[in-house]
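Work through the exercises below with the sequence and the model open. Each task is followed by a solution in steps.

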Amino acid sequence: MSNPLLENLTLPAFDRIRPEHIEPAIDQLLEEHRALLNALLAKPGEHTWETLLQPLEEKEDQLHRAWSAVRHLHSVADNEQLRDAYNACVPKMSDHETALGQNKDLFRACQTLAEGEAYARLDIARKKIIDNTLRDFRLSGIDLGATAQDRYRALQQQLSRLHTRFEENLLDATHGWARLVTDKSLLSGLPDTALELAAQSARRQDRSGWLFTLEYPSYAPVMMYADDRALRRELYTAYTTRASELGPNGGQWDNGPLMVEILSLRQELAALLGYRDYAEYSLAKKMADTPQEVMAFLHDLAARSKAAAQREFATLEKFAATEHGLEDLRAWDIPYYSEKLRQQQFDFSQEDLRPYFPADQVVAGLFAVVSRLYGLNISARQGVEAWHSEVRFFEVRDERGELRGAFYLDLYARPHKRGGAWMDECVVRRLGRDALQTPVAYLTCNFTPPLAQQPALLTHDEVLTLFHEFGHGLHHILTQVDYAGVSGINGVPWDAVELPSQFLENWCWEREALDLCARHYQTGATLPADLFERMQRARTFHAGMQMVRQLELALFDFRLHHERRGQDTRDIQSLLDEVRRAVAVVKAPPDNRFQHSFGHIFAGGYAAGYYSYKWAEVLSADAFSRFEENGIFDAATGRDFLHTILEQGGAREPMDLFVEFRGRKPAIDALLRHSGMTPDTPAPR
């Protein structure tokens, strides 16, 4: 039987991939890689890039493209058979990676290559790959004895399984709860878009009424607009107890034991490699040098922002009490009364913007923005098979008409799809023996889908999310590096990888850019001047509260991995409570179990690295300030960012690239200004 995962295709054959194809394909590709490695290492003579690393890269690329398609399907089109096949391969992929990192013959060959005369003749990208490879050998336990190496291999395999189980528990818990409302009077305050989405969800299950789920497009409007406090509390409780021992489905998909085991195994792995804790281990691949540097950065931001957050929260409490008679402001009240306060202060709501952001127009406007910045031409390509009928495929060409890459765009929330938004690699740019392989990305969001006769209308927050993920996509697609190890986002330190994504968000606030993205879905009119002004005035509304919320998550993550906390679920909870007492202004209820759904650090790549969002935001705000000085569509500045940042991949150190673009090291001033805080904002006493 033909296996589409083994065919040397330009793009995955999503219309033909079946669960039964997955394990045989991965088994064969892993065996082929092992056989090739053994054959290459057995050859006599000194190894070179062309005789060792290049053929290995070619075989690894074939494995990467097959596994990337499988991993993506697991995230966006999950079912029981696919999940079983995926989980059967996770330990095999982990073992393969560990075996490579502990192969002493390969290590010696790379060492010899790095010390030989041929190394000096290599370009900067290939030198960086070899340097990174030698570093990664040490991080994989190459210097350990046989028993310790076996334990390292077991730890990595266990962690891979646990990360997957955490993510699957969260997906099942999110889709395992719903609330059917049959009395419309309970839905007072909800906008028409939220009501129609809930009615559409009910109709799909052949039910009458309005069905609310824990998918964000369904959940968020209830929290922000529903007048019924009991309904808000019910959804808040279900959402913040997902995958925990509490709440309506308490214990059914409980991630608590998994978190404890994950933290224990991470600490053991770090100690095995000679690190004091997992945070120190994680920084070996990041811009920040020490845990102390990260903690100082986070505490400095907290000191600058907490006073503003406290003032904002005090104002909100007073507003809820004096204007609405609510003396006991609780967590499930915060979005609701915040939205009412924003409307009172600025005569502005997210719903005011939604008619101006039909999804197709936003996508077209986004393409126009990057066309003006970087000279790109982005066009849809028909006939490309995908995993769902809503998915579209686009090609990216530069101003010379040269194909630079492509991407799949999957915008809307649906069942069996992981929540959130992300960019992932489908195909990585690399120069093969015969041709250049152009990169392809997956761009995935979970926006409000089209409703009845109405197109999908986005909130401004969803527009920001789309720009953010597209920034990641451009970083992957526009690279000019020809070697997979440092092509696109590969080899870029994790605390720098958010620079291009957060950078692109800035255009969502600029009039010239919004005129390209925002057109009323019925009239075609651009944003009225008064609505734009109200949006601008409201931009920094509750910026302090938003800042300390992000710092709460970053400090919790970093302290969890730096202080070796997490011996049991109570210890994890007590640390989160400590962090909240130090930086948070919103008091979480005792049954809040946010940590059980914190997939970024327990299932994604952000363990001891969630601080990266704020770290990179300093870089992105300061980079954008050059456009503020020269003009937001200044062609020379845009091309400079393209050539200096986006095209360089991980071949050079990100700080060197930033200094080359900005002319100096980054300053925090632009971030504080964009957040409505001046550099001299007083710290709280």
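**Exercise 1.** Classify the residues that line the second largest pocket, then state where they come from.

Solution. The lining divides into 9 nonpolar, 7 polar and 8 charged residues. In this scheme Ala, Val, Leu, Ile, Met, Phe, Trp, Tyr, Cys and Pro count as nonpolar, Asp, Glu, Lys and Arg as charged, and the others, Gly among them, as polar. The model is predicted: local features need pLDDT of at least 70 and side-chain atom pairs count only at pLDDT 80 or more, whereas totals for chains, interfaces and linings use all residues. Residues are numbered from 1 along each chain as its sequence is written, and side-chain values use heavy atoms, with hydrogens and water left out.

Next, take the position and the volume. Of the 24 lining residues, Asn 8, Thr 10, Arg 65, Leu 436 and Gln 437 lie nearest the centre of the second largest pocket. Two or more lining residues come from each of helix 2 (49–76), strand 4 (392–397), strand 5 (403–412) and strand 8 (436–437). Helix 2 gives the most, with 4 residues. The space in this pocket is about 520 Å³.

Terms: on a 1 Å grid over the protein atoms alone, a pocket is an open set of points with protein on both sides within 12 Å along at least five of seven lines, a cavity is a set where a 1.4 Å probe fits but cannot get out, and lining residues have an atom within 4 Å of a point. Grid points are joined across faces, edges and corners, and a volume is the space filled by probe spheres set on the points. Helices (H or I, at least four residues) and strands (E, at least two) are DSSP runs, numbered from the N terminus.

**Exercise 2.** How many cavities of 30 Å³ or more does the structure hold, and what lines the largest cavity?

Solution. There are 5 such cavities. The largest cavity has a volume of about 160 Å³. It is lined by 16 residues, with Glu 7, Leu 9, Pro 12, Arg 65 and Ala 66 closest to its centre. Helix 2 and strand 6 (422–427) each supply at least two lining residues, and helix 2 has the largest share, 4 residues. By class, the lining of the largest cavity holds 11 nonpolar, 3 polar and 2 charged residues.

**Exercise 3.** Describe the second largest cavity by volume, lining and class.

Solution. The volume is about 130 Å³. Among the 16 lining residues, those nearest the centre are Val 492, Ala 496, Leu 499, Pro 654 and Leu 657. Helix 18 (499–505) and helix 26 (654–662) each give at least two residues to this lining; helix 26 gives the most, with 4. The classes are 12 nonpolar, 3 polar and 1 charged.

**Exercise 4.** Is Asp 333 buried or exposed, and which residues does Asp 333 touch?

Solution. Asp 333 sits in the loop between helix 13 (291–324) and helix 14 (334–346). Asp 333 counts as buried because its relative accessibility is 0%, where buried means under 20% relative accessible area, exposed over 50%, and partly exposed in between (1.4 Å probe, protein chains only). Leaving aside residues up to four places away in sequence, Asp 333 touches Arg 229, Arg 232, Leu 326 and Asp 328; contact means heavy atoms within 4.5 Å. The side chains of Asp 333 and Arg 232 are joined by a polar contact of 2.7 Å. A polar contact is a pair of N or O atoms within 3.5 Å; within protein, one must be able to donate a hydrogen and the other to accept it, and residues adjacent in sequence count only if both atoms are side-chain atoms.
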